[in-house]
Amino acid sequence: MELGRDSDTGGQVKYVVELARALGSMPGVYRVDLLTRQVAAPDVDWSYAEPTEMLTPRDADDYGDDMGESSGSYIVRIPFGPRDKYIPKELLWPYIPEFVDGALNHIIQMSKSLGEQIGSGHAI
């Protein structure tokens with residue numbers, strides 16, 4: 001994260017990421033996905049274009065083999081709006097329906113995938 005890059009990357013972003021990381025480390029929580037916008041623009045860090053980024057737990061050494069292949073916390077970047085241009089959050093309103101469609105698709109696919117892994121084949 002490019003914290004402090006602009007008004008979209010301030011302390012609240014760090015707080016939300018750390019919260020997702022902490023929730024993903026809690027007993028009884030299998031997976032946390034933090035959904036945001038995917039951007040592939042030359043004026044932002046290349047990592048903003050990555051569709052998924054795992055947030056390593058602070059105490060990852062304590063987990064060993066207890067974590068499943070999809071457990072933990074992730075930043076999931078949903079493509080919506082202009083793909084090759086970073087625009088401020090205030091200008092994203094016209095693209096919100098596209099984000100909602102992408103987010104729902106991700107949730108449905110993750111439900112099926114997790115169902116195959118830990119739900120005896122039933123969507124979770």
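The model is predicted, so local features need pLDDT of at least 70 and side-chain atom pairs count only at pLDDT 80 or more, while totals for chains, interfaces and linings use all residues. Residues are numbered from 1 along each chain as its sequence is written, and side-chain values use heavy atoms, with hydrogens and water left out. In short, the chain holds 2 helices and 3 strands, laid out as α-β-β-β-α along the sequence. Helices (H or I, at least four residues) and strands (E, at least two) are DSSP runs, numbered from the N terminus.

**Overall picture**

- Of the chain's 124 residues, 33% count as buried; buried means under 20% relative accessible area, exposed over 50%, and partly exposed in between (1.4 Å probe, protein chains only).
- Among contacts with a separation of 6 or more, 65% come from residues 24 or more positions apart; a contact means heavy atoms within 4.5 Å.
- The chain exposes about 7900 Å², and carbon and sulfur atoms supply 58% of that. Accessible areas come from the Shrake-Rupley method with a 1.4 Å probe, and for residues only the protein chains shown count as cover.

**Nonpolar cores**

- The largest nonpolar core has 8 residues: Tyr-74, Val-76, Ile-78, Phe-80, Ile-87, Leu-92, Phe-99 and Ala-103. A nonpolar core here is a set of buried Ala, Val, Leu, Ile, Met, Phe, Trp, Tyr and Cys residues joined through side-chain atoms within 4.5 Å.
- S3 and H2 are the elements that give two or more residues to this core, and the largest share, 3 residues, comes from S3.
- Another core lies apart from this one, with 6 residues that include Val-17, Ala-20, Val-32 and Ile-75.
- Back in the largest core, Leu-92 is in contact with Arg-37, Phe-80 and Ile-87, leaving aside neighbours within four places in sequence.

**Helix H2**

- H2 covers residues 96-118. With 23 residues, H2 reaches 32 Å from its first C-alpha to its last, close to the 33 Å expected at 1.5 Å a residue; the expected span is 1.5 Å times one less than the number of residues.
- Phe-99, Ala-103, His-106, Met-110, Ser-111, Leu-114 and Gly-115 are the buried part of H2. The buried residues of H2 pack against strand S1 (31-38) and strand S3 (72-79).
- After H2 comes Ser-120, which has a positive phi, near 55°.

**A nonpolar patch on the surface**

- Trp-93, Ile-96, Val-100, Leu-104, Ile-107 and Ile-108 form a nonpolar surface patch, together giving about 590 Å² of accessible area. Patches are made of residues with over 30% relative accessible area and no salt bridge; like charges are joined within 9 Å, and nonpolar side chains (Val, Leu, Ile, Met, Phe, Trp, Tyr) within 5 Å.
- Ile-107 sits in H2 and is partly exposed, at a relative accessible area of 48%.

**Salt bridges**

- Side chains of opposite charge can pair when their charged atoms come close.
- A search of the whole structure turns up 6 salt bridges, each a side-chain nitrogen of Lys or Arg within 4 Å of a carboxyl oxygen of Asp or Glu.
- Arg-31 pairs with Asp-33, with the closest N and O atoms 2.7 Å apart. Arg-31 is buried at 18% relative accessible area, whereas Asp-33 is partly exposed at 26%.
- Glu-98 pairs with Arg-83, with the closest N and O atoms 3.2 Å apart. This pair links distant parts of the chain, with Glu-98 in helix H2 and Arg-83 in the loop between S3 and H2, 15 residues apart. Both are partly exposed: Glu-98 has 31% relative accessibility and Arg-83 has 41%.
- Glu-90 and Lys-89 meet in a salt bridge at 3.5 Å, N to O. Glu-90 is partly exposed at 47%, as is Lys-89 at 42%.
- Lys-14, Glu-18 and Arg-21 are linked in a salt-bridge network.

- Ala-40 belongs to the loop between S1 and strand S2 (52-55) and is partly exposed, at 46% relative accessibility.
- Not counting residues up to four places away in sequence, Ala-40 touches Ala-49, Arg-83 and Asp-84.
- Ala-40 and Pro-82 are 42 residues apart in sequence, yet their C-alpha atoms are 9.1 Å apart in space.
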